[in-house]
Amino acid sequence: MKIQAPKGTRDFYPADMAWHMHLLDAWRAVSVRNGFEQVDGPIFETLELYKVKSGEGIVSELFSFRRTGGETDFAIRPEFTPTLARMVADKANALPKPIKWFATPNFCRAERPQRGRLREFWQWNVDLLGLDTPAADAEVIFTCVDLLAELGLDSTQVRVKISHRAVVKQVLEKLGVPEDKLPGAFTLLDKRDKMTPDEFTKEAGKLGLDEARVQRFEEVCRRKYASGDLMHLARSLAMDEPPEDLVKLDEQLRAFGLADWCEYDLGIVRGLAYYTGVVFEVHEATGVERAIAGGGRYDQLIELFGGPAMPAVGFGMGDVVLSNVLADKGLIPDDVGPRPDAFVLAASDEAAAQLPAVVSELRRAGLHARMSYKATRNVGKLLKDATNCGAKFAVIVGEQIEVKNLETGDQSAVGRDALLDALR
RNA sequence: GUGACCGUAGCUCAGUUGGUUAGAGCAUCGGGUUGUGAUCCCGAGGGUCGGGGGUUCGAGUCCCCUCGGUCACCCCA
């Protein structure tokens, strides 16, 4: 009987795993150099935990289960924030501030798979808690950009689109959107790119805005403003000065050298109700893919999970969309797997008896040594195997031992006791 | 959860209006030749055509269901 892998999951064969580990390594290395410490939690939590932030509605999106004979409902983790909030809330008083944590866990969501979205995925989570400054927002965004650059992307290929919850609310109020219509206005912002101008105008009209204001609303939410260009935003809104929160954020982004990567786009909403300040998404520049990363400031969430009042800002970056984008741009190298230092082959049957001794000596010395398992003594064929596995040196065991540098083609005979040195 | 398209070997594909034991290239494995990453030659394994049911004398070809894939909607924590 042949059983297929569950819908929306991936098998990682050696070549896939090599890239996967390369990505996880990059996430970790960038996190560490930006001063974040790695954490993790259980792969399942009580179902209850996920209802705290997202409500009952979340349940249908989860893989939840009850142990046979048990009475507690559990769910495989669909995201990291509740676990993080729980961990922070538990030890909030003992932890040195600011708290700078990252994690690279896998998550499961019961969604219908499509491009950029699977049922199991890995996500890099970066969170900075205990600081409520624009500098903290900028540092987190810097960390995100640092990773993108590390993997070979530049500011023409990906864009960090930034908005700000409080500023958008302020803008909507300035436009005259009544309090009770604010949620509708947020939805409209989110959907703007999927609507024709006519549909947009019609929907905007329902917010109680007159024609001139509908037009202004549309301009503000469709237009992008470069860093340093906030006066244009102010003008679009008929304001004397741009919103103070954005001005301060922009100063910090520039201080971190991020101006080229970022643009202000008030149409970035993020579905989440819990964001309180900055929100941002990273997109491929032409906008063909789903968001590569998304995050923002959530100053009230730790309290929601029973912790003390604690400001926080963070983001998540999934492996699926990121890999799609990198693949499209030819930025996934095929040589990221472990590369053998030496490939040991026998040129005669007598020599074959020496392979275990030679290989084990190299391995004990810490070298990554492989050998041929084939019966053939055809040196040409065996050298091809050596090349195919990416080995740096071939060790040809015959009447004497010869070391061939597979990159330069240089080959020379070495004494048995000089072998290790020849490979270093 | 809704809708559309798609499933033949590990990969890319061929397979006549339904008609014998389902094919090719690449890859894999083995062998031969030439002590050097190559070339050439020979050979092998591998598929019950995603799975199940139906129609038929006969189904990879037609129908239904189901599983999986792709895409859009939804959602996007």
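**Exercise 1. Find which residues S64 is in contact with, leaving aside its neighbours within four places in sequence.**

Solution. Contact here means heavy atoms within 4.5 Å. With neighbours within four places in sequence left aside, the partners of S64 are L47, F74 and A75. The model is predicted: local features need pLDDT of at least 70, side-chain atom pairs count only at pLDDT 80 or more, and totals for chains, interfaces and linings use all residues. Residues are numbered from 1 along each chain as its sequence is written, chains are lettered from A and ligands numbered from 1 in the order in which they are written, and side-chain values use heavy atoms, with hydrogens and water left out.

S64 is in strand β3; strands (E, at least two residues) and helices (H or I, at least four) are DSSP runs, numbered from the N terminus. Its relative accessible area is 37%, so S64 is partly exposed, the class between buried (under 20%) and exposed (over 50%), with a 1.4 Å probe and protein chains only.

**Exercise 2. Is N34 buried or exposed, and which side chain does a polar contact of 3.5 Å join to that of N34?**

Solution. Start with the location: N34 is in the loop between α1 (14-33) and β1 (37-38). At 11% relative accessibility, N34 is buried. Beyond four places in sequence, N34 is in contact with K100, E139, F142, T143 and D146. Of these, T143 is the partner in the 3.5 Å polar contact between side chains. A polar contact is a pair of N or O atoms within 3.5 Å; within protein, one must be able to donate a hydrogen and the other to accept it, and residues adjacent in sequence count only if both atoms are side-chain atoms.

**Exercise 3. Classify the pair formed by the rings of F44 and F65.**

Solution. A pair of aromatic rings is described by the distance of the centres and the angle of the planes. Rings of Phe, Tyr and Trp (its six-membered ring) pair if their centres lie within 6.5 Å; planes under 30 degrees apart are stacked, over 60 edge-to-face, and the rest tilted. The structure holds twelve such pairs. For F44 and F65 the centres are 5.8 Å apart and the planes at 65°, so this pair is edge-to-face. F44 belongs to strand β2 (residues 44-46) and F65 to strand β3 (residues 64-66), so the pair ties together parts that are 21 residues apart in sequence.

**Exercise 4. Which residues have the most contacts inside the largest nonpolar core?**

Solution. A nonpolar core is a set of buried Ala, Val, Leu, Ile, Met, Phe, Trp, Tyr and Cys residues joined through side-chain atoms within 4.5 Å. The largest one has 72 residues, and L147, L148, I162, F217, M317 and L322 have the most contacts inside it. Helix α4 (residues 134-150) gives the largest share, eight residues. A second, separate core has 30 residues, including L49, Y50, A75 and A85.

**Exercise 5. Which residues come nearest to RNA strand B?**

Solution. A residue is near the strand if one of its heavy atoms lies within 4 Å of it. There are 38 residues around RNA strand B, and E79, R117, R270, L272 and N378 come nearest. The largest share of this surface, six residues, comes from α15.
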